[in-house]
Amino acid sequence: MLEKLQIRCLTGSGDVSANAYLVEGEGWSILLDVGAVTGHARWLSHLKNSPDLVWVSHVHADHIGALPELYKRYPGVEVVMTPTSAALCACVGRGQDRAVADVFDVLGQVSKSLNFKKTMTRRFGETCVRMTPYACGHIPGAASLLLEVEHGEKFHRILYLPDFSAHAQPLTPRAEFPVFDEETPLDCLIMEGMLGSDRVSDKLDYDKNLQSLVDGCEQHSTGGGQLVAVPSLGLSGEVVHALSEALDEVYVHDYLEPIFKITAPLLGELSWADRGVRFVTQPQATRMLMAGQVVVASDEHLQSGSPSRALFMSIVEDSDSRIVLCNSTRKKSFAGKVSATPQGEVFQQGGLRFRRMLDVEHVLLPNHAPRWALMGTVKLLKPQQVVLVHGQRNALSGLQGALRKVVKKKKLTCEVLVPGALDVVVVT
Ligand SMILES: [Zn+2]
Ligand SMILES: [Zn+2]
């Protein structure tokens, strides 16, 4: 008989850079995500024992970043993720130190792969727990997790729905949800709220924005090179797929090649090569830009040392060239500062100095659920409890208020919570 079922939020709701939520039963625990931006995740010190199992929703650093450190602490802990996520593990640590990269590689191999809609059952003492991942859009391999915890004759249900998207992308279909009804209700929904009160995203049309990116590249007529700067995991494949529909050839920096190889099965009949996608080295990419071609490279912030930064530097003083920055560019990042520099003006930072002549364009392609989709998800799944996580604190509070109104209007019985770090939510 189940006596205790609770969620210990090791990272707080307002934490946008790290996710770690511990589901605790009587004598067992399951860790949902292992997020950190750096290798020294402070939340790890609040984890008193090895979890019985670790679920990784997807391979973004804020969900997987501290996995090498956790694995060092608890060697042999069972790590579960989808096969695509496991394969992508080897691409996560690149650019970090060798030791971290190696551990990610190993973790990809030792982790247990659980495919979408396949159920894994574990018995912890007296309690039986069933786990089923569902595709949740966002990036290739990303999945929500349905946890069904045996409770006498019945099961308690928790759905962990981290980063998800309600719209389909060229490679990654939209989020899919399990079906709940009166017989099998959802007790607790742990849901992200990254765009919880973002009015811009609420009105955005992903397809239209992606098409305008493609049209812009196709119609560019000055003869200058075009650099499309993308985040490596996720959006890179979606943007290249869209470009390859319109252009004869798309040149992609070979830093992205391992990721593209892993996501190739999502393409259907035509391979990347069939679609005219050519992987090029840094020097080749520079030459392609000089020859007026379209080159796709990561990352979108033009961070120091990234392939996109070096390529950007090769065309920045050419007024015939342009750069397309995909997704929101943080104001404090190098790309943000460059964007803020008017065309024709001199940019200076540290030892760097150049005249920004190339054209800069931003395209917003969010792969998180906007507010309408977050609200719609709650209305659809009708959980007894909603635990809002992973968003700016004020965005989550705004979303909480809006959800409470909906609950009242629809006469639902649903509690909406925004827990802080180390708060415990008792699943009822
Ligand atoms: Zn993510
Ligand atoms: Zn995230």
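Which strand order does the open sheet of six strands have, and is its pairing parallel or antiparallel? I read the order as S14-S13-S15-S12-S16-S19, with parallel pairing. Before going on I noted that this is a predicted model, in which local features need pLDDT of at least 70 and side-chain atom pairs count only at pLDDT 80 or more, while totals for chains, interfaces and linings use all residues. Residues are numbered from 1 along each chain as its sequence is written, and chains are lettered from A and ligands numbered from 1 in the order in which they are written.

**Entry: terms for the strands and helices.** I took helices (H or I, at least four residues) and strands (E, at least two) as DSSP runs, numbered from the N terminus. I counted two strands as paired if DSSP finds at least two bridges between them. For angles I used lines fitted to C-alpha atoms as axes, for helices over the stretch in contact, with values from 0 to 180 degrees between N-to-C directions.

Entry: I then followed strand S13 (residues 250-253), which runs parallel to S14 and is joined to it by four bridges; Val 252 stands opposite Phe 279 in S14.

**Entry: helix H9 and its neighbours.** H9 packs on this sheet, where it touches strand S12 (226-229), S13, S14 and strand S15 (294-297), and its direction makes about 145° with that of S15; contact between two residues requires C-beta atoms, placed from the backbone, within 7 Å. What does helix H9 (residues 282-290) do with helix H10 (residues 307-315)? I found that their axes come within 10 Å and cross at roughly 35°. From H9 the contact takes Gln 282, Ala 285, Thr 286 and Leu 289, and from H10 it takes Pro 307, Ala 310, Leu 311, Ser 314 and Ile 315. I sorted these residues into six nonpolar, three polar and no charged, counting Ala, Val, Leu, Ile, Met, Phe, Trp, Tyr, Cys and Pro as nonpolar, Asp, Glu, Lys and Arg as charged, and the others, Gly among them, as polar.

**Entry: a hairpin.** Strand S17 (residues 346-349) and strand S18 (residues 352-355) pair in the antiparallel sense over four bridges, and Val 346 has Arg 355 of S18 as its bridge partner. The two strands form a hairpin with two residues between them, and Gly 350 in the turn has a positive phi of about 60°.

**Entry: the seven-stranded sheet.** I traced an open sheet in the order S7-S8-S9-S10-S11-S20-S21, whose pairing is mixed. Strand S7 (120-124) and strand S21 (415-417) are the edge strands, each pairing on one side only, and the twist averages 20° from one strand to the next. Strand S10 (residues 154-161) pairs with strand S11 (residues 188-192) in the parallel sense over four bridges, with Ile 190 in S11 as the bridge partner of Tyr 160. Helix H12 (residues 371-381) lies across S10, S11 and strand S20 (385-389), running at about 170° to S11.

**Entry: backbone details.** The peptide bond from Ser 298 to Asp 299 is cis, with omega near 5°, and I placed Asp 299 in the loop between S15 and H10. His 390, although not a glycine, has a positive phi of about 55°; I found His 390 in the loop between S20 and helix H13 (393-409).

**Entry: domains.** The chain is divided into domain 1 (6-198 + 367-426) and domain 2 (205-363), with bounds from an automatic or database domain assignment. Their centres, taken over C-alpha atoms, are separated by 31 Å. The contact takes 15 residues from domain 1 and 13 residues from domain 2.
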